[in-house]
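Trainee: Could we go through this model together, one question at a time? I would like each answer to show how it is reached.

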Amino acid sequence: MKTISGKTVLVTGGARGLGEAICRELSAAGAKVIIADVRVDLARQLANDLPGGARVIELDVTDAQAIQKAFEEIRASGGLDVLINNAGIDKTVSIDELTVEDWDCILAVNLRAPFILSKYALPLMREKGGGYIVNIISTAAKRAWANASAYHASKWGLLGYSHALHVEGRPDNIKVTALVAGGMRTPFLLDRFPDLDPQKLQDPKNVAETIHFLLMQPEGSVIPEIMILPMQENSWP
């Protein structure tokens, strides 16, 4: 049976929420986890709590030079097998209230960063004869609601980018999946929308297990897109 034991996995936004759940799930399966986050104290706390420990990289995903340096260090320490583009932000305001700076920041984290991270990950994966990139999308890439225009634009864009990356990665045995996740019980939603019913959201561990499932798929096959929703999902028909 295929295993991810010993595989090096970089998770952006890995210190809490879905990122934390991914790190816990893959570390428990034997992966060598690299937690990349601007919240370095939280990342270190998590690393100390993982069964096999983890490497922590303090990383602002909007800083292209910092990303390049991080990948140089990863190459020097043995390379990379899996990249999880998980980091994401949003600002819940109308288009009238959304500033140009807000728009640029959201697009920089949610769309520009996965491009830069993937760009530097591809050569490292080619050196290993293959790899896997998972882009965390959202049901915001499938429909639209008010007061999230930049978020929708970034996630629709990331979905398209993910499929383009899938096409370019295939000749080098690099798999790419767009994981479209419905609402989760994470700070990303609960801190901003305290009136949400947590019981109608899914445990981020479920999404992390889905990522583990993707990484366990047999050689020669790839799942370009997958959607996972809570049973009472209200952001997708």
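Trainee: In which loop is the place of Asn 147?

Mentor: This is a predicted model, in which local features need pLDDT of at least 70 and side-chain atom pairs count only at pLDDT 80 or more, while totals for chains, interfaces and linings use all residues. Residues are numbered from 1 along each chain as its sequence is written, and side-chain values use heavy atoms, with hydrogens and water left out. Helices (H or I, at least four residues) and strands (E, at least two) are DSSP runs numbered from the N terminus. On that numbering, Asn 147 is placed in the loop between strand S5 (131–136) and H5.

Trainee: What is the phi of Asn 147 near?

Mentor: Most residues other than glycine have a negative phi. Asn 147 has a positive value although the residue is not glycine, with phi near 65°.

Trainee: Is Asn 147 buried, partly exposed or exposed?

Mentor: Buried means under 20% relative accessible area, exposed means over 50%, and partly exposed is in between (1.4 Å probe, protein chains only). Asn 147 has 35% relative accessibility, so the residue counts as partly exposed.

Trainee: Where is Asn 173, and what is its phi near?

Mentor: Asn 173 is placed in the loop between H5 and strand S6 (174–181). Its relative accessibility is 36%, so Asn 173 counts as partly exposed. Phi is again positive in a residue other than glycine, and for Asn 173 the value is near 60°.

Trainee: Which residues does His 166 touch, not counting residues up to four places away in sequence?

Mentor: His 166 lies in helix H5 (residues 149–169), and its relative accessible area of 8% means that the residue is buried. Contact here means heavy atoms within 4.5 Å. With residues up to four places away in sequence left out, His 166 touches Val 176, Val 222 and Pro 224.

Trainee: How far apart in space are Lys 175 and Tyr 132, C-alpha to C-alpha?

Mentor: Lys 175 has its place in strand S6 and, at 9% relative accessibility, counts as buried. Leaving aside neighbours within four places in sequence, Lys 175 has contacts that include Lys 2, Gly 131, Tyr 132, Ile 133 and Val 222. Lys 175 and Tyr 132 are 43 residues apart in sequence, yet their C-alpha atoms are separated in space by 4.6 Å.

Trainee: Which residues does Arg 39 touch, not counting residues up to four places away in sequence?

Mentor: Arg 39 is found in the loop between strand S2 (32–37) and helix H2 (40–49), and a relative accessible area of 33% makes the residue partly exposed. Not counting residues up to four places away in sequence, Arg 39 touches Gly 13, Ala 15 and Arg 16.

Trainee: Is Pro 204 buried or exposed, and which residues is Pro 204 in contact with?

Mentor: Pro 204 is found in helix H7 (residues 204–215), and with a relative accessible area of 10% the residue is buried. Leaving aside neighbours within four places in sequence, Pro 204 is in contact with Leu 18, Ala 21, Met 184, Arg 185 and Thr 186.

Trainee: How many disulfides does the structure hold?

Mentor: A disulfide is a pair of cysteine sulfur atoms within 2.5 Å. Cys 23 is buried, with a relative accessible area of 0%, whereas Cys 105 is partly exposed, with 40%. By the distance criterion, the number of disulfides held is zero.

Trainee: Which pattern does the chain follow along the sequence?

Mentor: The chain has seven helices and seven strands. Read along the sequence, they give the pattern β-α-β-α-β-α-β-α-β-α-β-α-α-β.

Trainee: What is the radius of gyration of the chain?

Mentor: The radius of gyration is taken over C-alpha atoms, and the globule rule is 2.2 Å times the number of residues to the power 0.38. For 237 residues, a compact globule would have a value near 18 Å, and the chain agrees with this at 17 Å.
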